Amino acid sequence: MKVHFDSKKCGYVGGILILCFFLIHNFFFVEKYVDYPWYHIWLNDVESANAGQTVAILNNGELYFILHPGATVFTIHGTVYRILSWISPSYQKLMHLSDVKNLSDPLKILDLATRTSRVIALGTSLLLLIVIFALINQLTTNLLISFLFTFYIITSPAFLIDYPMVRAETPNLLFFFGAVLFYVFRIRKNALSSVSEYIKLSAPIGVMIGLSAFAKLKTGPAIEVFLGVILFQLFQINREGNVIKLNSRNLWFCLSFSLINLILMPWWALKRPAFLTIQYLQSIKGSDYARVYSSAPDGFIFPVLSVLLCLVFLSILLFVLMRLECSDKIKEGALSIVLFFNLFVIGLILAIYMVFLPISASFSGYIENTRHLVYSFFTHVLSYQRVLVVDAIDINTIKRVITFHTGQSNFLNINIIFVLVLTIFVSFLRLLTKSTTNKKLYILANIFIITGFILDILASMRLKRIFINYGIYSTSFYGIGLALFVSQEFKNLGSNFYAKGVRLLIIVTLFSHVFLKSYNLLTKPRASGISTQSLLPELLNSRAHGTPFWRMAEESIGKNK
């Protein structure tokens with residue numbers, strides 16, 4: 001029997017396996033993250049708090065305080081805990097916090113949960129790696145470029161610091177880039193000429209964006225840019241004539257989806273949770289809790305209702321637009337945009353219902369925790385402006401970004417910011433040149449790079465410094481932007497001797513980076529796996545940020561004595 005050998009698929013799978021090897025090898029054999037006890041921290045003070053909060057929710061505990069808001073993290077890790085409890089007896093104690101009898105029992109539970117969550121964090125990072133690789137390959141159709149720049153991203157200090165930690169950054173990026181990848185894949189495979197195609201495109205994107213936002217709000221600017229790009233592309237598709245037709249059937253579908261949003265919206269989740277009393281708010285003045293909950297309004301029903309009613313109004317307005325004498329392309333373009341956002345909002349609403357479903361222990365707990373999540377999400381949005389320093393965007397902001405990337409995302413010991421400045425300069429020259437082919441990739445490259453820089457600027461506004469865990473955001477965007485630029489530059493260089501020399505220089509430079517990074521990672525001294533850190537500081541931190549877990553544990557100890 002003749003076996004067909006697909007070199008492209010083999011290269012695709014082989015590239016991913018090689019990239020995964022570096023993270024897995026570094027995780028288990030170099031840094032030995034699993035060997036360290038739960039109280040050992042690597043510039044991370046929320047690891048045990050996140051693990052403890054997850055265990056609390058699995059035991060019908062409340063989502064007392066949301067840090068990022070972090071809900072997607074709890075759901076991913078809690079789902080794995082629950083599956084492991086079905087397979088292994090040792091994990092069943094994670095489901096029975098009420099059985100603890102003394103202080104050592106919750107410490108053992110926290111140790112098992114935290115060590116397990118570190119492995120889950122590795123798995124999430126591997127998925128992020130695959131999504132970034134696939135996204136670059138979808139946009140460039142160049143496996144070599146996809147491999148080289150994904151390698152740059154995952155071996156940057158910014159990525160290596162964050163990927164094993166039980167934090168929200170990796171799931172945040174995973175679902176965001178997953179939405180972008182899904183959009184690129186669907187838009188290339190299918191013409192948006194029917195309602196069913198819009199359903200298959202918009203609703204899943206809404207779900208993934210919702211799960212990304214429920215992990216952390218850090219991708220907020222990137223989500224806005226992404227939606228802006230979709231709007232622009234819908235206009236482009238409309239100009240080319242491959243758009244949904246304006247007829248009564250499609251208009252009624254559009255209006256129906258806007259009304260479904262009103263019906264599906266969990267209005268009960270927009271009300272203020274019961275524990276946020278005036279007395280409680282006064283007791284937390286000056287703390288992180290006060291920053292998040294701020295003035296704690298009664299609810300967010302009015303602003304959400306206003307947005308949904310606007311979509312209903314726009315859907316009705318399309319019926320009027322159909323009867324006006326104007327270009328069909330304008331009418332069809334308006335229908336495609338309103339239809340997309342109606343379905344996108346449906347996806348967001350589904351994400352609200354989905355996020356705690358796999359890990360809730362009771363219906364009442366599911367309802368209350370979902371309410372707390374949605375309410376805290378909105379208070380995070382409102383309170384974020386209080387965290388940012390208004391006058392932070394100045395020359396010192398730029399200096400902070402440059403200084404930060406000197407150590408966190410350098411390329412052959414060259415600060416990546418300088419490489420990006422050169423990239424943007426050459427990109428603009430290409431865009432101004434009439435002979436340049438496929439200018440879209442240059443535009444996309446600049447969009448990714450500028451978005452990464454915006455994320456850096458916003459990160460630097462908090463306390464006038466960039467937290468080391470936030471470098472993974474901009475580094476990922478910078479790497480993807482550089483990949484798009486290099487890929488298109490290869491095509492526009494021409495075939496003369498000079499062009500071949502430039503291509504060779506770029507390839508040699510990229511492979512030199514791969515060789516040096518590989519050598520450094522593979523020859524890096526092995527960690528001992530034995531912690532010299534004291535338990536007490538992290539125990540106090542865990543009790544401060546993982547309140548539900550410790551309150552439930554102490555209540556159970558008191559009952560079981």
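A salt bridge is a side-chain nitrogen of Lys or Arg within 4 Å of a carboxyl oxygen of Asp or Glu. The legends below describe close-up views of a predicted model.

**View 1. A salt bridge joins R115 and D111 within helix α4****.** The side chains of R115 and D111 meet with a distance of 2.8 Å from N to O. Both residues belong to helix α4, which covers residues 104–140. They are 4 residues apart, so about one helical turn separates them. R115 has a relative accessibility of 24% and counts as partly exposed. D111, with a relative accessible area of 19%, is buried, because buried means under 20%. In the whole structure, a search finds 11 salt bridges.

**View 2. A salt bridge joins R430 and E489****.** The N to O distance between these two side chains is 2.8 Å. R430 is part of helix α17 and E489 is part of helix α19 (residues 471–492), so the pair ties together parts of the chain that are 59 residues apart in sequence. Are R430 and E489 buried or exposed? Both are buried.

**View 3. S427 lies in helix α17****.** This helix runs over residues 416–432. S427 counts as buried because its relative accessibility is 0%. Apart from neighbours within four places in sequence, S427 is in contact with Y442, N446 and F485.

**View 4. R543 and E554 form a salt bridge****.** Their side chains meet at 2.0 Å, N to O. The pair links helix α21 (residues 535–545), which holds R543, to helix α22 (residues 547–560), which holds E554; the two residues are 11 apart in the chain. R543 is partly exposed, with a relative accessible area of 33%. E554 also counts as partly exposed, at 39% relative accessibility.

**View 5. Salt bridges link D162, R167, E169 and K216 in a network****.**

**View 6. The rings of Y33 and Y163 form an edge-to-face pair****.** The model contains 29 aromatic pairs. For Y33 and Y163, the ring centres are 6.3 Å apart and the planes stand at 85 degrees, so the pair is edge-to-face. Y33 is in the loop between α1 (7–30) and α2 (47–58), and Y163 is in the loop between α6 (157–162) and α7 (169–189), so the pair ties together parts 130 residues apart in sequence. Both Y33 and Y163 are buried.

**View 7. The rings of W252 and F319 form an edge-to-face pair****.** Their centres lie 5.0 Å apart, and the angle between their planes is 65 degrees, so the pair counts as edge-to-face. W252 sits in helix α10 (residues 248–264) and F319 in helix α13, 67 residues apart, and the pair links these distant parts of the chain.

**View 8. Ring pairs link six aromatic residues into a cluster****.** The members are F176, F177, Y183, F226, F448 and F477.

**View 9. The charged end of K218 sits over the ring of Y470****.** The distance from this charged end to the ring centre is 4.0 Å.

**View 10. Five residues form a nonpolar patch on the surface****.** The patch is made of F313, L314, L317, V320 and L324, and together they have about 450 Å² of accessible area. One of them, L324, lies in the loop between α13 (301–323) and α14 (328–354). L324 is partly exposed, because its relative accessible area is 46%.

Terms used. Residues numbered from 1 in each chain as written. Predicted model: local features only at pLDDT ≥ 70, side-chain atom pairs only at ≥ 80, totals over all residues. Heavy atoms only, no water. Buried < 20%, exposed > 50% of the residue type's maximum accessible area, 1.4 Å probe, protein only. Contact = heavy atoms within 4.5 Å. Patch = residues over 30% accessible without salt bridge, like charges linked within 9 Å, V, L, I, M, F, W, Y side chains within 5 Å. Areas by Shrake-Rupley, 256 points an atom, 1.4 Å probe, with all protein chains shown as cover. Phe/Tyr/Trp six-rings, centres within 6.5 Å; stacked < 30°, edge-to-face > 60°. Lys NZ or Arg CZ within 6 Å of the ring centre and 35° of its normal.
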